Amino acid sequence: MGRPKSFEPDVVIARAMETFWTKGYTETSPADLAEATGVAKGSLYHSFGSKRQLFARALDLYGRMGSEVTEEFLSRPGTAKDRLRAYFLLLVDMDLEGPVRRGCLAQNTVTELGGRDEEATRAVHRMEERMVELFAARIERGRRDGDVDRGVDAREQALYLQTVLAGLRVMTRTYDRPVLLRIIDTALAGL
């Protein structure tokens, strides 16, 4: 009879996510994952399969967390423009914090693996589509509330904003906050 697991799978996945986010998929070694999670390599692979399978679970967690934060943030009182601006600022400020500017795990993944790893590309696409849905819903709410022009196509504007956000998340690795704030304000001027 095997020994029972002595770790919480969700905690392990979260720690692995942080490691992949900081180092990238390719540069994260099994030893890095064992150190970050506190779980021996053999136990990691026995519980989660391959490094690739653990990465898929980490991407899924990242997407769920991002969706929850986005929904909560956009549902707060205020105009669509105010809520979207506050949300973009939150992400930019999070990306600028800390000793390493690591940007967004989704955008880092598509930059590193997009076009070469279908599963990772699909995972990022699902995350992006979810953001588009959430942005479009908030813009549509703004149209109903009268704080967004009725002529604005919510889906098209949401696609545009997701594109800007993806670029912003990459740019946080090299640009300073004032430049990023000007980009946000320019992107939201159409609301």
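**Close-up 1. Asp32 is a buried residue of this predicted model.** The relative accessible area of Asp32 is 19%, whereas Lys23 is partly exposed at 38% relative accessibility. The two side chains, Asp32 and Lys23, form a salt bridge with an N to O distance of 3.1 Å. By the rule applied here, the count of salt bridges comes to 14.

**Close-up 2. A salt bridge joins Arg130 and Glu71.** The N to O distance between these side chains is 3.2 Å. The pair links distant parts of the chain, with Arg130 in helix H7 and Glu71 in helix H4, 59 residues apart. Arg130 has a relative accessible area of 29% and is partly exposed; Glu71 is partly exposed at 39%. Through salt bridges that share partners, Glu71, Arg130 and Glu133 belong to one network.

**Close-up 3. Arg138 is buried and has no salt bridge.** Arg138 is located in helix H7 (residues 118-145). The nearest side chain of opposite charge is that of Asp145, 4.6 Å away, whereas a salt bridge requires a distance within 4 Å. A polar atom of the Arg138 side chain lies 3.0 Å from the backbone oxygen of Leu74, and the Arg138 side chain also reaches the backbone oxygen of Gly78 at 2.4 Å. Beyond its neighbours within four places in sequence, Arg138 is in contact with Leu74, Gly78, Thr79, Ala80 and Arg83.

Definitions and conventions. Residues numbered from 1 in each chain as written. Predicted model: local features only at pLDDT ≥ 70, side-chain atom pairs only at ≥ 80, totals over all residues. Heavy atoms only, no water. Helix = DSSP H or I, 4+ residues; strand = E, 2+ residues; numbered from the N terminus. Buried < 20%, exposed > 50% of the residue type's maximum accessible area, 1.4 Å probe, protein only. Lys, Arg positive; Asp, Glu negative; His and termini not counted. Polar contact = N/O pair within 3.5 Å; in protein donor to acceptor, adjacent residues only side chain to side chain. Contact = heavy atoms within 4.5 Å.
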